[in-house]
Amino acid sequence: MRVTLCLAVAVAVTPYDLHDGLSLKLEVKCGAQWPQDPYRLFSPSGQPGTTSSLQKDGGSFVLQVVPGKEDVYYLKTEAGRFLSYTADCGTTVVDSWPEAGGNQQFKLAKTSQFTATLEALNVDASCKSRFVSGACGAGQAEVRLGSATEFFTHIQATKLQHVVNTGGCPDPFAWRRSNGSYSLICTGGDLPFWSAPALHSSTVLQQVGAALGGTPAGWASNGARWAPEVLEAAPGVDVMVVCDQQSTGEHRVGWVKSSTGEPGSFTEYSPQALDLGGQPGGDIDPHLFRDADGSTYVVWKTDDNRINLPTTRLWAQQADVDAQGVHLKGEPKMIMDSTGLWWVTSFVPDGSLVEGPEVVKRGDWYYLFFAAGRFCQDSYSEGVARSKSIWGPYEKLSVPLLSTGLVGAAPGGKLVGPGHASFPAGPDGQPTRIVWHASIGENTDRHAFVDAMKWTEDGWPVVDFGVGADEVLV
């Protein structure tokens, strides 16, 4: 089996580290969830003397480093002007100026991995109002100099370059097998099967067949199969969950079992689809999560947007997963919906869409990862929420882990619509990689990409795009 390595120096890279040339939007840190208070994005003024404001759709800034000054930048607007202020204490207007100079210099201080404050560097030392300040909760509020306000940094463009880790592979699910190698399966047909002895950002996995064999049961006979996942439930027991389209139009979830986990060996199908509550939109994107105490859960999305509902939902139900397959226990419970984030869109007008749930346990926290938005389009992204209970409530991180603006490009063009990620465990059982899909350009030909994952001091995951061939996950 061949693995291709790109010999490169490993340098930790996350676009949330502010740097020259970075393009971003600024969202004021707000106590209320969106859309209860939709005016939260920094919109720079286009005229001197007219102060900036918070709007529903703010403008982008490009950071230009001020030579010789650490963490000090000019913020260039989309109109080619520079965010500006007046040096004396007589006015607190934050406007824009056609040229970059002393009154256009701002010190950006990170307050967390995802937030920063903006200090007007050259305001007179006697001025109490020296930070860019805005408050949500007041509609289209003004942005002026005042006390320090934290802004979320939403990355709009980077220069990252990626190795393409597979051929066509929507909804990639990767897992570490008991023999230490890595396998990956994808949406479509008999479910393409890929393999590699190790997994890192420069691995090129090899397709070694397809996962399914035998004669599918009725629920799995259409062939429009989406988002398969595998759990090695016991020695010699590999259980896959997958959804397929039914004759009535909706998708439903069932299971398929293998005794070896090899390509073509998933041949023992559940007689019927799982009864996950019979929601009219259907059930898609199943996930099997096994907790540290051995309890196991099926997690999935109800395909609410298929029937034009504006909000989509993620669910969980406890189950026994063993040599007999998947047997549900208790009742399904909705654990998270798609509301609360301005960057989550939907095919339904004014709606929001989440899908592709994955649960990771780290310490006392359950992390619920999800894809969001319109697949294969600029809005598609990967987000995360966390809770101290598998059942929620879940607190959503206000910025995406992956977005079209954040991930950069690959040979062949700009990466579009990153998301639907999986999180294979390392030898210690903890996930250190994220495997995600994206299209190369504006199309539906999605490929899989592998990157490292790290954690912030306050316990949120971030993608580390700088891990190279010398940091192999084995």
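1. In this predicted model, the link of Cys89 and Cys127 is left-handed, with -100° about the S-S bond. The sulfur atoms of Cys89 and Cys127 are 1.9 Å apart and form a disulfide. This pair links distant parts of the chain, 38 residues apart: Cys89 is in the loop between β6 (82-84) and β7 (95-97), and Cys127 is in the loop between β9 (115-120) and β10. Cys89 is partly exposed, at a relative accessible area of 43%, whereas Cys127 is buried at 7%.

2. A search of the whole structure finds 3 disulfides. One of them joins Cys30 to Cys136, with an S to S distance of 1.9 Å. The torsion about the S-S bond of Cys30 and Cys136 is about 105°, and the disulfide is therefore right-handed. Cys30 lies in the loop between β1 and β2 and Cys136 in the loop between β10 (131-133) and β11 (142-146), so the bond ties together parts that are 106 residues apart in sequence. Cys30 counts as buried, because its relative accessibility is 17% and the limit for burial is under 20%. Cys136, at 22%, counts as partly exposed.

3. Cys169 and Cys186 also form a disulfide, with their sulfur atoms 2.0 Å apart. Its torsion about the S-S bond is about -90°, so this disulfide is left-handed. Cys169 sits in the loop between β12 (151-157) and β13, and Cys186 in the loop between β14 and β15 (192-196); the two are 17 residues apart. Cys169 is buried, at 0% relative accessibility, and Cys186 is buried with a relative accessible area of 0%.

4. When the bonded cysteines are numbered in sequence order, the pairing reads 1-4, 2-3, 5-6. What keeps Cys243 from a bond with the closest cysteine sulfur? The sulfur of Cys243 is 14 Å from that of Cys186, which is too far for a bond. Cys243 is buried, with a relative accessible area of 0%. Cys376 is likewise in no disulfide, the nearest cysteine sulfur being that of Cys169, 13 Å away. Cys376 is buried, at 8%.

5. The structure holds 17 salt bridges. In one of them, Arg40 pairs with Glu27, the closest N and O atoms being 3.3 Å apart. Arg40 is in the loop between β1 (23-28) and β2 (41-43), while Glu27 is in strand β1, 13 residues apart. Arg40 and Glu27 are both buried.

6. The side chains of Glu262 and Arg177 meet in a salt bridge with an N to O distance of 2.9 Å. Glu262 lies in the loop between β19 (251-258) and β20 (268-269) and Arg177 in the loop between β13 (173-176) and β14 (182-185), so this pair ties together parts that are 85 residues apart in sequence. Glu262 is partly exposed at 38% relative accessibility, whereas Arg177 is buried at 7%.

7. Asp320 and Lys329 form a salt bridge at 3.7 Å, N to O. Asp320 counts as partly exposed at 35% relative accessibility, and Lys329 counts as partly exposed at 35%. Elsewhere, salt bridges that share partners join Asp190, Arg225 and Asp244 into one network.

8. An open sheet is formed by 4 strands in the order β26-β27-β28-β29, with antiparallel pairing. Strands β26 (354-362) and β29 (395-396) stand at the edges with a single partner strand each, so one side of each is left without a neighbour in the sheet. Strand β26 is joined to β27 (residues 365-372) by 7 bridges, and the two run antiparallel. Val360 stands opposite Tyr367 in β27.

Methods. Residues are numbered from 1 along each chain as its sequence is written. This is a predicted model: local features need pLDDT of at least 70, side-chain atom pairs count only at pLDDT 80 or more; totals for chains, interfaces and linings use all residues. Side-chain values use heavy atoms; hydrogens and water are left out. A salt bridge is a side-chain nitrogen of Lys or Arg within 4 Å of a carboxyl oxygen of Asp or Glu. Buried means under 20% relative accessible area, exposed over 50%, partly exposed in between (1.4 Å probe, protein chains only). Two strands pair if DSSP finds at least two bridges between them. A disulfide is a pair of cysteine sulfur atoms within 2.5 Å.
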